[in-house]
Amino acid sequence: MARVEVPLLRVEQLQTHFLTQAGVARAVDGVTFEVAPGEVLGLVGESGSGKSVTGFSILGLVDEPGRIVGGRVLFEGENLVAAGEARLRQLRGNRIAMIFQDPMMTLNPVLRIDTQMIEAVRAHRRVDRAEARRRARDALGRVGIPAPEERLSAYPHQFSGGMRQRVAIAIALLNEPRVIIADEPTTALDVTIQAQILYEMQKLCGETGTALIWITHDLAVVSGLADRVCVMYAGRIVESGPVDAVLDRPLHPYTAGLIGSVPSRNRRGARLAQIPGMTPSLFALPSGCAFRARCPNAGEDCAREAPPESVPEVGRTLRCYHPWQAERAS
Amino acid sequence: MLVYFIRRLGQAALVLVVMALLVFVGIYAIGNPVDVLISPEADLAEQQATIERLGLDKPLWEQLWLFLVNALGGDLGRSFVHGEPALQLILERLPATLELALVALVIAVTAGVFLGLWAGLKPDSLTGRSIMTGSILGFSLPNFWLGLMLILVFAVSLQWLPAGGRGDTVSLLGIRTSLFTLDGLSHLILPAVTLALYKTSLVIRLARAGTREVALQDYVKFARAKGLSSSRVIYVHVLKNIMIPVVTVIGLELGSMIAFAVVTETVFAWPGIGKLLIDSIVNLDRPVVVAYLMMTVFIFILINFAVDLLYSLLDPRVRLSEAKA
């Protein structure tokens, strides 16, 4: 699926560091990617790989002591890193929306659904309450909530987890954003609900041409949903490319390890492959390639300097001196 | 809701009866009011007459029984000292104490919540830390000392505000209040601030702790991700969540402010019920003390009920569990 559109959102050499007393944690360290209108980008990695921080950095929502120390976030050509808080506020929830991981926590427990939706509309549109409420009701209907008019007057605790995530998605859709950043929105849900929500998100974004950045650790979700995928490890994108190419022929040993650790039917009974070791602490990253201590291919050169980004194939990037050999994998 | 209300009413009645028993027997055990009330020069016949008039010749259980029967009819007995109905004595002085407590409450909640929010949102800033240090001071300063210092500065040195008394009052719905005259308000400021300081510190700490907890919640970040202004995030999303513990504690504290504003009232010569209580205890004026404590219990019950109602307004999850009960 080759796309030639102008990038809607381009993240360039983004660096978000956490300046703590224990030292500097480079949560995001030189991340570059772009999304085109209507495209779904999967951002994959283990916990602590910096994928969520990347999402928050785009909207300027990184909490203290985190700070964007370098790079640019270009949204329709405008650099958001340099933009003021007022400008960011105009864009948040309006042109760029976000959906969070835990639906039980994203809605304010003491405010009614309609309050939380109407305020989202009226933060960006000069419409009266009745019109805002009508939009809220339509958005609830669009994400498949039955009897949206009645549900508007309910409180979050009267919804199930799946329904709450639909409400959060409806809030994200309210102002017809150009980009939606979804931070593991289906991780906390049942698989059946997960499938429904994935399907609906795909459909809604396809209809409106909204770009979707789907942050997840679940390769199965990415394979069914995304057009392209970026694999993050310790704050860097170690491999990226079209989703089919990356998942079928992984080049980075880390990607190969992730794919190998997904349980599947045809390896029933066999011992599940796992990546040895743990994600390194961001305060004590090894020199050179951050993955080398866990990497079966690592050589002496890996310790000297972090591998630079290379382009092994058209449309793919890689940071590795010793790429995974497909023959060896099989 | 009705079931809940009736159950609460039953509990309240039980508490009132137990309280009456305890206080009645307690005061009886402390001393004999006759020793205090009757002048030593009075002869035996006079003494006997007084004792009979006050009903003190009867055994304790009979006095108690009479008291309970009369109390059912709303008669809490006559003051041994003043000869007036005890309830009337208290009700005359109650508005002064109530208005003092309410003004102090308003000061404590507004100042406390605002400063607590500030300290919670910027915990490491100079302002945030100053607020917390100030609240420690507010906790530690004794009431009477603070009152005296305020009098010294604002009444004696600067002569901006009067040192004591209640000032002009107007009658509103048959209750005398100083809330609506300038003179009355100027008399009210110093005692109200004195009474409010401790509670303000308390509310600051609660509000700050709540804010620090709530500010980290996903729903606050989500509210910001919706593009809401920071004032909307703070004053709607955060504020409503931190008010639940604040209301709980303030409810409890309001009762104690009304019932035990004794020290502040004494320092500022405020004609409230605190002073009446002290005098009555000294004179072993049992009907007044009993009536006063019954009144206090009643106020506490009312406030607790109001707090429960406020809860259900603040937190929708409470409403449901209540309906099930």
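Which backbone oxygen does the side chain of R228(A) reach? The answer is the backbone oxygen of E34(A), at 2.5 Å.

This is a predicted model, in which local features need pLDDT of at least 70 and side-chain atom pairs count only at pLDDT 80 or more, while totals for chains, interfaces and linings use all residues. Residues are numbered from 1 along each chain as its sequence is written, chains are lettered from A and ligands numbered from 1 in the order in which they are written, and side-chain values use heavy atoms, with hydrogens and water left out.

**R228(A)**

- R228(A) lies in strand β9 (residues 228-233) of chain A; strands (E, at least two residues) and helices (H or I, at least four) are DSSP runs, numbered from the N terminus.
- Apart from neighbours within four places in sequence, R228(A) is in contact with E34(A), E39(A), V40(A), L41(A), G42(A), G241(A), P242(A) and V243(A), where contact means heavy atoms within 4.5 Å.

**Interface of chain A and chain B**

- In chain A, 27 residues are in contact with 22 residues of chain B.
- About 2400 Å² is buried between the two chains, and carbon and sulfur atoms give 60% of this area; buried area is the accessible area (1.4 Å probe) that two parts lose on being put together, summed over both.
- Four salt bridges are found across the interface, a salt bridge being a side-chain nitrogen of Lys or Arg within 4 Å of a carboxyl oxygen of Asp or Glu.
- K226(B) and E119(A) form a salt bridge through their side chains, at 2.9 Å from N to O.
- α3 (103-106), α4 (113-122) and α7 (161-173) of chain A each supply at least two residues of the side that touches chain B, and α4(A) gives the largest share, four residues.
- That side of chain A has 14 nonpolar, eight polar and five charged residues.

**Largest pocket**

- The largest pocket has a volume of about 1100 Å³, the space filled by probe spheres set on grid points joined across faces, edges and corners.
- A pocket is an open set of points on a 1 Å grid over the protein atoms alone where a 1.4 Å probe fits, with protein on both sides within 12 Å along at least five of seven lines; lining residues have an atom within 4 Å of a point.
- Of the 33 lining residues, D63(A), E64(A), L121(B), A215(B) and R224(B) are the closest to the centre of the largest pocket.

**Backbone**

- The peptide bond from E64(A) to P65(A) is cis, with omega near 0°.
- A147(A) is not a glycine, yet has a positive phi of about 50°.

Key: Nonpolar A, V, L, I, M, F, W, Y, C, P; charged D, E, K, R; others polar. Polar contact = N/O pair within 3.5 Å; in protein donor to acceptor, adjacent residues only side chain to side chain.
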